[in-house]
Structures are given as C-alpha cells and as structure tokens.
Amino acid sequence: MKRFMRLKVLIFCLMFVFGLGYTGLFCQDAGNDLLNAESIDQLTSLIEKALKDNDLQKLEEIKIRNLKLVRENLSLTVQKCNMLLDEGIKNELSGESEKREFDFKIARVMAEIYQQAYNNSYLLDKVDLYSQWGKEEKEKYLEAKKYYGQGEEDKKKYSYETAVSAYGRGLALYREIGYKEGEADILKNLGDAHYQLDEYKNARERYEQGLVIYREIKARLGEANCLKSLGHVDYQLDEYEKARERYEQGLVIFREIKARLGEANSLQSLGNVHYGLDEYEKARERYEQGLVIFREIKDRLGEAESLLRLGEVHRMLSENEKARERYEQGLVIFCDIKARLGEAHCLKSLGHVHMSLSENEKARERYEQGLVIYREIKDRLGEANCLKSLGNVHMSLSEYEKARERYEQGLVIFREIKYRLGEANTLKSLGNVHLRLSEYEKARERYEQALSLQKEIGERYGMGQSYYRLGQTLEAMNKFPAAENEYINSINTTEAIWQEMKREEFKSSFLSSRISPYENLIRLLFKQDKGPLAFHYAERSKARSFLYLLGNKRIDIKKDVPLALVRQEEELRQKIVTFAVQIIDNEKKEPGRRSSPAQLNNEMLQLKQAHSEILEKIKLQCPEYANMISVNPLFLEEIQTLIRQTGNTVFLEYYTTPDAAYLWVLDGKDIFPYKIDINSEVLDKKVREYYTMIATPDAFGVPTLEFQAQELYNLLLKPVENHLAGKTRIAVIPHGVLHYLPFEALMNNGKFLVEQDTSFFYLPSASVYKYCREKNPLKKEQLIALGNPDGSMVWAEKEVEELKGLYNFAPRIYIGKDATETQARTDGPSADILHFSCHGVFDSAHPMYSALKLSPDSKEDGNLDVQEIFQLELKPAYLVTLSACQTHVGKINSGDEIVVMSRAFIYAGTPSIVASLWNVDPDYTEKLMVSFYRALKNMDKIDALHQARKEMMETYGKKHPFYWAPFVLIGDFR
C-alpha cells in the first residue's frame, strides 16, 4: 500500500510540473486511453473525430497527450500538415468549400501541437498564409507545384537543365504570391540541379538563398537540409573544413528536432569528409554511428548504403575480406528491397575489391553484372562509371585498345548527361592509355582537355593530378622545361588547397598522400643539372604541417569558445582519468576476477577518440584558428645564413623516392647536390636490417655489423666525404626510412663514426631549424626530473637520484607515485631541463595516443600523450630528455610528417630533444645519462652527448651501438 501511495505522489508531482490536473489523470474514462496516437496518421484521425464531435475538451487532451509523438516525428508532422493544406486548396477550387474548411481545421490543430512541441510558429504561420489566399493565389500555388513536380521528374531523367527551367517558372509564381517556403524549397532544388551540373558556385548561391528563407520562417528541417547540401558543395570543392562545419551545424539541428533520418545522413556525410581526407578510422566511426540509427528506424535502404560505405573504408584500408563482407551484406538488403541502384553499386564495389586483389576476371564479371542493371534502370551515370571501371580492368591487363573503347563509351554518356566531373576523369584515363602506348601527342591533348574542364568546374584536386600526368607526358617527349612547369603547377595547386586548410590534422594527411609530383620534379631537375632548385622542392614537401604550427603563435583553443564544449572536453578528460584508474585496479586483481584487458583498452580508446572529436570541434569554433597564417619553407639563402651562424657546421638533407635517393650538402656558402642510385625498396631493406642488428646486441655482435655499417656509410656519406672533412658538427635531415638510422653508428675503415669524433644532430627539415634556434634560451639552471613512476624501473629511480647531485642548484626530483602527469604539467613549464625516465609507448594505429607512462592521480590518467604534449607551454625549456623506449620513432609516411613526441615537445617550447630510437638497456642508459648531464654543465648538447657515447665505449667497454647509439639529438645542438 505504501509503495502504491509513493507512486501516486510521484505521478501527481510530474503532472503538476507539466501543468496537468491530478483529477484529469485518475478520472478519465476507459475510452480516453484512445487519445494517445501511435502514428501521425492515427493522430490525424483522432483530431478529425474530435472536430466532428465538436468536443473541444477532448481536442485539448489530444494535443497534450501527443506532444511527444510530434516531437519525435517532425518531418512526418510537417508532411501531413502540408498534405492537408494542399487537399484543402484543391477542394476549395473544385467547389467543395466544406471539405476545404475541415482540412484546414485539422491542419491548424496539427500546427498548434507542433508549436507547443517545438515552441515554433512555422506551421501556424503557414496555415494562416494559406487561409488568407484568394482564388488567384491558390491557382498560382497549384501551378507552381506543377512546375516543381516537373522539375523533380526532369532530375530523375538527368535532364538537369530542363529541371532548372521548370523550377525557375515555379519560383517566379511562388514569389508572386509571397509563398516563402515554396520559394526556399525551389531554391534548394535549383541548388541540387546546379550541383548535378557541376555548377558548384551557382549551387552554393541557391542553397544560401534558401537557407536565409528557411531561417526566417523557422523551418528547421529545411534549414538543416540546406546546411547539409552546402556541405556537399564544400566537399566537392575540396573545402573539407567548411564541409565538416556545415554538416556539424545540420547535425545539431537534426538531433534537436529528432529527425533521425537527417541525423543518420549527416553522420554519413561527415564520414565522407573523413574518407576524402584519408582519415579512414574516423570515417568508419561515423558510418557505423549512422548504421546504428538506420537500423533503429528500420530504414533498410540507409542501412544498406551504410554497409556500402563501410565497405569502401575497409577497401581503402586494404581490408579486402572485410570490405567484401560489407558489400555482400549490403547487396542482400538491396536485393531484398528491390533497390536496383544499390544492387548495382554493390556489384561495382565488389568489382573494385577483386581489382585490389588482382582478380581481374572476377572484377570484370562484377562490373558487367552492375552494368546490366544500370542499363536496365536507365541509370546513365552508373552505366558510365561501370564502363570506366571496365576500362581500368583492361588497363591492368595491358589491353589498351579495349580500355580505350570502354573509356570512350563512358565518355559519350558523361557528355550526354552533362556530368563534367566524370567527363574530366575519363579524359584523364584516356590520356593514361595514350601515355602507356607512347602516343604522347594524343595523351597531351586528352590531359589538356581534362584540365580545361576541371578549371571550369573548380575541381582542383583533379587539376593537380592532370598537371602531374601532363608533366609525365612532356617529360617522356623530352620537353623538360615544359614538364617542369606542369609538375610545378601540380605542386602549386595541391599546396593552394593545403594552405586553405586550418587544421593541422587535415594538413598532414592531405599533403602526405600527394607527394608524387615532388618526387618527379626533383628527379627531373637533377636530370637538367638543377640540383639546387630541387632542394627547394624537397624542403617544400617535408614537415610542412609542423612548420605551419611553429610559424604561428600558440593558441589557447578554449578561448572564446562556447562554454558547453569546454565543459564537455573537461568531463571527457575526467572520465579518461577515472577509467585509467579502473584499468590499473583491474591489473591488481587475481586473474580469475579480472575484466577483459582487451575490452577495457578498447573502451579507453573510444573515450579518447570521443575526446579528440571534442577538441576538433573546439578548434573549429576557435576564432584564432581561422586567422592562422600560411608558413612557407625558407629559401636557400636564408638557410645558408642560419648555417653560417652555427659556426663549423654542415647540413645534409636527404630525400628518398621510389627510383633513387637525393642528397644536398649545405655548408653556409654553397650547395652541392648528389644523386644516390638506389631505389626506395632496396634502401628500406638495408636500413631496416641494420636497425634490427644494432637494436638486438645478443643476436648480432660488432663484427657482424661491420659490413652493413660500412655499406650504408659508402652509400649515404662517402660521396660527400670531402665536404665533411674538418667539420665539427653535421646536421642530418633524414627522409622516410632514414629516420630510423643513427648516423653515428655507421662505420668507415673499421671504426664507428662516433670513434672518429664526428658529431651528428637531426632536424625535421632545414627550415624548422630557424624556429628551434629562436626557442633556445641557452639557460640550464633548473632541472626537473620524473622517474620510475610505476615502481618497475629501479634503474630510472637511480638515474634521476644521481642527476640531483650534478648541479649546484636544487633540482626538483619526483620518483615513484610522485612522478605524476599532473606534476609534469605543473612543474614542466618552469623547467630549463625537463627529464623523463619512464616507459614510453608508441601507438602505431593511433600515433597521437603515443605516450610517456607517468603515475596517475585524481586529475590525470598518467599517460602524457602526444596530443597533450602539444598543449603544454614550456617557458621555453633548454632541453627535454626522454630517457624512455622508442620516443623518437614514429609513423613515417610519404609527406615525412612523423607524429612523435619529439615534434610535440618542440612545439610545446623546447629547441632540443634527446630521444630514443629503440628499447634501451636500463643499466647502461642510466650510466649514459649521468655522463651526458655531467658533461652538459660545461658543453653544448651535441658535445655532451658525443662525450657520453665515447665514455660508454671507453669506460664501460660497450662498443656495440645498442648501448651508446639509441639516443639522438633533435633540434638545436647548442
């Protein structure tokens, strides 16, 4: 009985909050249960019955009881209201005024519920407008709708220009009668037609006009759809940040109005942005979020499309079996719901999988199956794309004439349906056929035709590719100056897109995947004896995103950003801290009582990814990010000036390409270019083999190293020996696999270079040295060291304890549980020398989560990861030492943009990093570090590290590079 009374009191309170009477709840008769509708159609029927009975009290109860239904079915409510109004107008014009009146009354009640549900008068304003029209306005309204419908039919037939004409007539009529929503609807559809015609400027203009009206009349669904369409335009123009921003804005509205379909479609569009930026993991996450919603709302078409897109992600990640599985799952659904277009798309995509696996005949079969369907359903675009894919099969089989035939068949269709992007891409493919057949003039003609179209439609990514192919063609024709010009055009086009991006995450992945024009231009310039000019383009391709960050002022990403986002970020960060403690506690439990470590780690990764997304949203809304300037590499003369300021130093800059490696020697006065005749595959093999040898001393003794060490010396340094003679310091600017190589550990005439008093330091690029040099305070008074945070590294504790006695001032030393991430964040910014003696973890799948493993506390999770290091503000510090395992090795990609701790700390404010290349020996690392810091009191960093290495060999007898070569100096040597 008491339980029942508590329930009654609770319900009474809830009813009071929502303005409902207690009596009204418990005194309804049984028939009033039917006042709750389960669908919008049922709601319309209830309203209709109440109106016919003239039961106003019942009508009010219907409104109250069905607020939630309307909130969760906005689009269906609007659709139903529109239908009732249209029926009312038709009834009036056909002489059935009573029916018209009734339709309008039902529509008004629906609009009133809508207003209460959303606090939005949009539908009521619409009912009032329709009610005020006279016969002439209503006739014009129906005529305009007829033109609107005609435009829709024209679009289905790919007759976009005819559709534009029909929409234009409807637009004029809507404007005559002042029907704003109709005007906005047609503007949106006109934008769609222009979009299909690749007239992106016109499409954007129409969408923006429609957006203004939708906002004016508070039509939230129309507003969200317009934002999504504007995102599509930005995406096609490679303006990925703008596209992301539009999609995010639309997504917020779709979620607010509970338009689940729009939400799912926006998530897919955001996935497309990530996909276009080669951010496949993020794309996968968005597509999967969309897939969940499509399944929840039982939208099988959306579900199948999500599976198709997920297949594309797997394919791009070379996960061909997973891609095949997704495509086949999608294919089953498309076949079940008789969605022939989706079926054809899946078949075509399965063809792409077979192509990736070099299963050319299976690929051909799938493409042919898809082609049959495209032709059956008269999908001309799909037909043309399938023909182009079949052309690609023939190209891979060296069946060039058959490839040409397929491409030309596709080209005819692309031109017929006026799909100029497809036309441009097919012209480029035909150019590839001619290039393979050494028909250079024809290839040139095709590439120039493609370029002309790409310029018209503003397809800059395609332009970059066409310039590159044209450069290859002209080079094959021995027209070297003309080829050089086209390669430069390709580079300039790509960099123009790159410079417009405001987010470093985008910039790195974008440029790194478009590196071939740089490689070809450098090779061609060497062929023309223009090695010094080639150096300029090597610098332009290296470490660009890092240089961009260093060249701009530090940004407080939380300044002038909505407080709600900042709080979300803080809450997620605290969740990560709490979860990290749970993981640690789980490890302490007995094996039988532990939760799955893999599952916990996966949950932690999901939290971190969510945190990354919040940080990205904050950056998008941070005003200072919009004002970041483009920072270009230094010119040769500026770099030579810097080298002269360093004294007796020489710079060696390497650049590896598929066919050869290139080397430039800069001594402050002159530049000397060299070509090294070794392809990237062979060089990669040699460096990785030697790296394995020096990182595993038990398996490979010093005598077994000598041949490989001398061979790499002969390859990389012997050609420039005369320029190195007498030089005190050598700055190595590595590229690609050379980042794994400690040059000190190369040998000449039976001795390691370190034994020959040759000192090396390393730079991400020559231009970056300027910023490292400017950061150097040349002050080494305050040492802050953190060691043995988890208690498993006794040597690390001893290491930092010994550092305490090396300096006259009182260093701050934190050991064990005191070596927290919070302490690093608190004291780190005031340090001259910041020393970490702890474990380091490199995450190859998610490099930004590579971390120094410190002790957790109530504020931080103990993982000082790369993402967090970028946000530190050192004062600047004279030096950061990472006495941990593999703290410099990172993910090396084509653009040389390595996401590692060394670059994060340089950005945070230090000019120099001492970091490791492999898992170090604990005891001898302690000895090397103590020796290094003892020497550092009176020496530059480079000399102190050199002396420590020699001491390891001479005092401790450890000649194997494993013991003395793991640590390298990155940045300013002073």
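The model is predicted, with local features needing pLDDT of at least 70 and side-chain atom pairs counting only at pLDDT 80 or more, while totals for chains, interfaces and linings use all residues. Residues are numbered from 1 along each chain as its sequence is written, and side-chain values use heavy atoms, without hydrogens and water.

Helix α35 spans residues 680–695 and helix α36 residues 702–716; the two pack at an angle of about 140°, with their axes 10 Å apart. α35 and α36 are therefore oblique to each other. Their crossing is left-handed, a term for a near helix turned anticlockwise from the far one by less than a right angle. On the α35 side, the contact (heavy atoms within 4.5 Å) is made by Leu683, Lys686, Val687, Tyr690, Met693 and Ile694. From α36 come Thr704, Leu705, Gln708, Ala709, Glu711, Leu712 and Leu715. By class, nine residues of this contact are nonpolar, two polar and two charged.

Asparagine 748 lies in strand β5, residues 747–748. Asparagine 748 counts as buried because its relative accessibility is 9%, where buried means under 20% relative accessible area with a 1.4 Å probe and protein chains only. Beyond its neighbours within four places in sequence, asparagine 748 is in contact with Gln710, Tyr713, Glu721, Leu753 and Gln756.

Note on methods. Axes fitted to C-alpha atoms, helices over the stretch in contact; angles between N-to-C directions. Helix = DSSP H or I, 4+ residues; strand = E, 2+ residues; numbered from the N terminus. Parallel < 35°, antiparallel > 145°, perpendicular 65-115°, else oblique. Nonpolar A, V, L, I, M, F, W, Y, C, P; charged D, E, K, R; others polar. Buried < 20%, exposed > 50% of the residue type's maximum accessible area, 1.4 Å probe, protein only.
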